[in-house]
Amino acid sequence: METSIPRVQDVDIMTTIGRRGNRQRRRGPIFPRMHASPQLRPGTPQDDTTIAALAIQVYLDTYAIEGIRPDIAREALRDHSPQAYLARLQRAGSRFVLAEIGTGLVGFAEVDLTAEPGPDTGTDGAELVRLYVQPAFQRARVGSMLLAAAEDVARASKAPALWLTAWEGNQRARDFYAARGYADVGETFHVIEGQRFGNRVFRRSV
């Protein structure tokens, strides 16, 4: 069933201005809370720009916890550019699943069906390269829907398992995967311009 974003309504907003707290009434848009469920669909090369924009938003929200350092900024703009996503969307072994509300992208999962064995652990199967959900929707079961869809993608390709890496400092992500049956099978490292960041490797048979 198709869903759409509720119409924006103009409502009166009271604002306080000036030293004496004089009030001025103005009109402005208020976005009502979303009640529609996300709809899932495969990603296509035409989605490269919206995927890139969402990815940069989530990447910086997750990893730039002490401000945006130059190395973080460079990695974000390099790995999450529209050109980078276009190349992966066109790869034969890549699969993207998008979660949308109306025409708005709220999350996506990227699966690599031709991944090499997991780093440092020899983990086999398809790799969940990333699962990103817009911060405003991270408690709306969007992540669970995308993870289930990624598992379906891996299962359809006859992969024995789905594996992923999660930054050791992202406890929310680690708890999320553990609660859904993913076993922590070892450690690896992500390197940003010579600086190593510890990651945990998670795996689940599909």
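I take a salt bridge to be a side-chain nitrogen of Lys or Arg within 4 Å of a carboxyl oxygen of Asp or Glu. The model I examined is predicted.

**Entry 1. Salt bridges**

I searched the whole structure on this criterion and found twelve salt bridges.

I looked up Asp-71 and found its partner to be Arg-69, with the closest N and O atoms 3.0 Å apart. I checked accessibility for both residues. Asp-71 has 10% relative accessibility and therefore counts as buried. Arg-69, with a relative accessible area of 31%, is partly exposed.

I turned to Arg-88, whose side chain meets that of Glu-110 in a salt bridge of 2.7 Å, N to O. Arg-88 belongs to helix H3 (residues 82–89) and Glu-110 to strand E5 (residues 104–112), so the pair ties together parts that are 22 residues apart in sequence. I noted that Arg-88 and Glu-110 are both buried.

I then examined Arg-203, which forms a salt bridge with Asp-124; the closest N and O atoms are 3.0 Å apart. Arg-203 is in strand E9 (residues 195–205), while Asp-124 is in the loop between E5 and strand E6 (126–133), so this pair ties together parts that are 79 residues apart in sequence. I recorded a relative accessible area of 24% for Arg-203, which is partly exposed. Asp-124 is also partly exposed, at 34%.

I recorded one network of salt bridges that links Arg-41, Asp-47 and Glu-100.

**Entry 2. Aromatic pairs**

I counted nine aromatic pairs in the structure. One of them is Tyr-63 with Trp-167, a tilted pair at 5.5 Å centre to centre with 55° between the planes. Tyr-63 lies in helix H1 (residues 48–63) and Trp-167 in strand E7 (residues 161–167), so the contact ties together parts that are 104 residues apart in sequence. I found Tyr-63 partly exposed at 28% relative accessibility, whereas Trp-167 is buried at 17%.

I next inspected Phe-108 and Tyr-132. Their ring centres are 5.7 Å apart and their planes stand at 75°, so I recorded the pair as edge-to-face. The pair links distant parts of the chain, with Phe-108 in strand E5 and Tyr-132 in strand E6, 24 residues apart. I noted Phe-108 as buried at 0% relative accessibility and Tyr-132 as buried at 10%.

**Entry 3. Cluster and charge over a ring**

I traced one aromatic cluster formed by Tyr-85, Phe-96, Phe-108 and Tyr-132. I then returned to Arg-88 and found its charged end over the ring of Tyr-85, 4.3 Å from the ring centre.

Definitions and conventions: Residues are numbered from 1 along each chain as its sequence is written. This is a predicted model: local features need pLDDT of at least 70, side-chain atom pairs count only at pLDDT 80 or more; totals for chains, interfaces and linings use all residues. Side-chain values use heavy atoms; hydrogens and water are left out. Buried means under 20% relative accessible area, exposed over 50%, partly exposed in between (1.4 Å probe, protein chains only). Helices (H or I, at least four residues) and strands (E, at least two) are DSSP runs, numbered from the N terminus. Rings of Phe, Tyr and Trp (its six-membered ring) pair if their centres lie within 6.5 Å; planes under 30 degrees apart count as stacked, over 60 as edge-to-face and the rest as tilted. A charge sits over a ring if NZ of Lys or CZ of Arg is within 6 Å of the ring centre and within 35 degrees of the ring normal.
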